[in-house]
Amino acid sequence: MTKGREQNAAGNEHEGKGVDTRSTAAGTGPSSASPRAPSHAERARTLGRAARFGSLATMARDPEGFPYASLVALATDARGRAVFLLSRLAEHTQNLLARPEASVLLLESPIVGKKLLEKGRVTLIGPCTAVPPEEAPECRALFLAAHPDAATYADFSDFSHYRIEPRSLRYVGGFGRMSWIDAAAYARAEPDPLADFASRILGHMNDDHAESILAYARKLAGIGDATDAQMTGVDRYGIEMAVTTPSGERRVRLAFDAEIQTREEARKALIEMAGRAEEG
C-alpha cells in the first residue's frame with residue numbers, strides 16, 4: 001500500500017463517499033449517523049466479480065518507460081485477482097516478460113449510458129506474471145467459464161494464463177466516492193450477494209413502484225419536499241436513492257433492518273419499508 005494513505009479496517013481510505021450524510025436506517029427518521037453501507041473493498045470485489053473485460057496497462061519497451069494500455073478479456077478468482085489468457089506474441093505480454101509491473105482498470109457493467117463517469121471502477125495495481133503450472137488448470141476452468149469462446153484458442157502453444165497480484169487498489173464509485181483500498185482488505189471482502197439481480201430489482205421498483213420510492217424519500221429519509229425519487233442502488237445492507245427536491249437533487253441511503261442474502265429477502269425488506277412509509 002502506498003505510504004501515507006491511511007485506510008480503515010474496511011478497506012476505505014478516509015475520503016468522502018458521496019452519500020448524503022442525512023441518510024438513515026429505514027423507518028427511523030433522519031439521523032446524523034450514516035447507515036451501514038458496503039465498504040469500498042466490498043464494492044470493488046462486487047464489481048470485479050462481474051467484470052469480463054478491462055484495460056491492462058503494462059510498461060512499454062518502446063518507447064521505454066511509458067504505460068501501454070490494451071483491451072483484454074479477464075476473469076476474477078476467489079481472491080479477486082484478475083486472470084488473463086494472453087498470447088506470447090501480444091505486445092502487452094512481451095512487456096510483462098520484460099517488466100511485471102502492471103495495472104488493470106475494471107468498469108462496472110453495463111458500460112452504457114450518458115452518465116458513464118458515475119459508474120463504478122477499480123484499478124488493481126501489482127505484478128502480473130504467468131500462473132504456475134500447477135494452478136493453470138484451475139485458472140483455465142475459471143477463464144473459460146467467463147469466456148466460453150476462448151476454448152477455440154486456449155490450448156494454442158503461444159497462449160498462457162497470467163494473473164495480477166494486487167499490491168494496492170483505487171476504487172471510484174462515481175463523483176465524490178473514492179478511496180485507496182488495502183490489498184488484504186480487498187482479498188477478505190465478499191462480493192455482494194444481490195449483485196446478480198440488483199439491476200432487475202431496480203428496474204422493477206422504478207418502473208412499477210415509483211410511489212413507494214417517493215414515500216421512502218419523504219417518510220423514511222425525512223425529505224418532506226421530495227418531488228421525485230429513483231432507486232439507484234441496492235445491496236445486502238440497504239438501498240440508495242436519487243431524490244429530486246425544489247433545491248436540487250440529493251443522494252440518500254436507507255439501511256435494511258438486517259443484512260439480506262437473497263432476492264426474496266430483498267423483496268420482503270422493500271415491502272416492509274413501504275409499509276413503514278405508509279404508517280409514517
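Which helices each supply at least two residues of the lining of the second largest pocket?

Good morning. The structure above is a predicted model, in which local features need pLDDT of at least 70 and side-chain atom pairs count only at pLDDT 80 or more, while totals for chains, interfaces and linings use all residues. Residues are numbered from 1 along each chain as its sequence is written, and side-chain values use heavy atoms, with hydrogens and water left out.

The chain has 7 helices and 13 strands; these are DSSP runs numbered from the N terminus, with helices being H or I of at least four residues and strands being E of at least two. Of its 280 residues, 46% count as buried, where buried means under 20% relative accessible area, exposed over 50% and partly exposed in between, with a 1.4 Å probe and protein chains only.

Let us turn to the core. A nonpolar core is a set of buried Ala, Val, Leu, Ile, Met, Phe, Trp, Tyr and Cys residues joined through side-chain atoms within 4.5 Å. The largest one here has 30 residues, and Tyr216, Ile239, Met241 and Leu270 have the most contacts inside it. Helices H5 (198-208), H6 (210-220) and H7 (263-279), together with strands S11 (228-235), S12 (238-245) and S13 (248-255), each supply at least two of its residues. H7 gives the most to this core, with 6 residues. A second, separate core of 26 residues includes Phe84, Leu106, Val122 and Cys128.

Leaving aside residues up to four places away in sequence, Ile239 touches several residues, including Tyr216, Val252, Leu270 and Met273; contact means heavy atoms within 4.5 Å.

Now to the opening question. The helices are H5, H6 and H7. A pocket is defined on a 1 Å grid over the protein atoms alone, as an open set of points where a 1.4 Å probe fits, with protein on both sides within 12 Å along at least five of seven lines; lining residues have an atom within 4 Å of a point. H7 contributes the largest share of this lining, 6 residues. Among the lining residues are His204, His209, Tyr216, Arg267 and Leu270. Tyr216 and Leu270 were also named for their contacts inside the largest core.

Finally, the charged end of Arg45 sits over the ring of Tyr186, 5.5 Å from its centre; the rule requires NZ of Lys or CZ of Arg within 6 Å of the ring centre and within 35 degrees of the ring normal.
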